[in-house]
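Here is a guided walk through one protein chain. Keep the sequence and the coordinates in view as you read.

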Amino acid sequence: MYKLAASIVMVSALMAWGASVAASPPSTNTPPVDSLFDKISALDAAVFDAFNHCSEPGQLERHASYFAPDVEFYHDQGGVTWTRDAMIANTKKNVCNHFRRELIPGTLKVYPIKDFGAIEQGVHRFCQFKTGDCEGMADFVIVWRHQGDQWQITRVLSYGHRPNKQPG
């Protein structure tokens, strides 16, 4: 009888604690997940709009403005760059006027980083300007830092480059 009473008391206490946690207001340190997803999704669209038009006047500079000066960019085939200047030089040389990047619909995921920003994860494909063919695709992770009202990219991983098996 004692064990049964103790179990009932413990279960009741756990239920009361769980109800109080569920009723607590969410932490204000991290934006709600839906608004964070919308914000990062919009930032992704903006940074890659500039990337896709980087051969046009001012667009490469606009693209660069989304990155921290000490950004680290890890590319499974191209290696590592340690600064925005080096990364932008590679973009100018290898991307501008050659291909565009497309986010594959439904692959974007966003995760908050407490007191810092967010992690963006997804899959993108690359389409040649000359032929229109979307031959390659890769996974990516982008780490965004949020300071004041500014969001900047501090780390990028682009990996798992492979042939595009999705319709172009």
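Start with one pair of side chains. E72 and R155 are joined by a polar contact of 3.3 Å between their side chains. The model is a predicted one, and the distance is computed from it. E72 sits in strand β1. Is E72 buried or exposed? Its relative accessible area is 18%, and the limit for buried is under 20%, so E72 counts as buried. Set aside the neighbours within four places in sequence, and E72 is in contact with T81, W82, T154, R155 and V156.

T81 belongs to strand β2. At 11% relative accessibility, T81 is under the 20% limit and therefore buried. Which residues does T81 touch, leaving aside those within four places in sequence? They are V71, E72, F73, A86, M87 and N90.

Now step back to the whole chain. It has four helices and seven strands. Read along the sequence, the order is α-α-α-β-β-α-β-β-β-β-β. The chain has 168 residues, and buried ones make up 34% of them. Consider the contacts between residues at least 6 apart in sequence: 53% of these join residues at least 24 apart.

V141 and Y74 are 67 residues apart along the chain, with their C-alpha atoms separated by 9.7 Å. G78 and S158 are 80 residues apart in sequence, and their C-alpha atoms are 9.5 Å apart.

Look at V141 in more detail. V141 is placed in strand β6. Its relative accessibility is 17%, which is under 20%, so V141 counts as buried. Beyond the neighbours within four places in sequence, V141 is in contact with I119, E120, Q121, R155, V156, L157 and Y159.

G78 is a contrast. G78 lies in the loop between β1 and β2. At 64% relative accessibility, G78 is over the 50% limit and so counts as exposed.

Next, the nonpolar core. As a rule for soluble globular proteins, nonpolar side chains tend to be buried together. In this model, the largest nonpolar core has 28 residues. The ones with the most contacts inside it are I40, Y66, F67, I142, W144, W151 and I153. Which elements supply at least two residues each to this core? They are α2, α3 (59–64), β1, α4, β5, β6 and β7. The element that gives the most is α2, with six residues.

I142 is one of the residues with the most contacts inside the core. Leaving aside neighbours within four places in sequence, I142 is in contact with D44, F48, A118, I119, E120, I153, R155 and V156. I153, also named among the core residues with the most contacts, is in that list. The list includes charged residues too, D44, E120 and R155 among them.

Turn to the pocket. The largest pocket has a volume of about 650 Å³. How many residues line it? There are 32, and F51, F73, H75, V95 and F99 lie nearest the centre. By class, the lining has 15 nonpolar, 14 polar and three charged residues.

Several elements share that lining. At least two residues each come from α2 (33–52), β1 (67–75), β2 (79–81), α4 (84–94), β3 (99–103), β5 (117–128), β6 (134–147) and β7 (150–163). Strand β7 gives the most, with six residues. Helix α2, which gives the most to the core, is also among the elements that line the pocket.

Finish with two backbone details. N97 has a phi near 70 degrees, a positive value in a residue other than glycine. N97 lies in the loop between α4 and β3. Its relative accessibility is 56%, over the 50% limit, so N97 is exposed. D115 also has a positive phi, of about 55 degrees, although it is not a glycine. D115 lies in the loop between β4 (109–113) and β5. At 55% relative accessibility, D115 likewise counts as exposed.

Notes:
Residues are numbered from 1 along each chain as its sequence is written. Side-chain values use heavy atoms; hydrogens and water are left out. On a 1 Å grid over the protein atoms alone, a cavity is a set of points where a 1.4 Å probe fits but cannot get out, and a pocket is an open set with protein on both sides within 12 Å along at least five of seven lines; lining residues have an atom within 4 Å of a point. Grid points are joined across faces, edges and corners, and a volume is the space filled by probe spheres set on the points. A nonpolar core is a set of buried Ala, Val, Leu, Ile, Met, Phe, Trp, Tyr and Cys residues joined through side-chain atoms within 4.5 Å. Buried means under 20% relative accessible area, exposed over 50%, partly exposed in between (1.4 Å probe, protein chains only). Contact means heavy atoms within 4.5 Å. A polar contact is a pair of N or O atoms within 3.5 Å; within protein, one must be able to donate a hydrogen and the other to accept it, and residues adjacent in sequence count only if both atoms are side-chain atoms.
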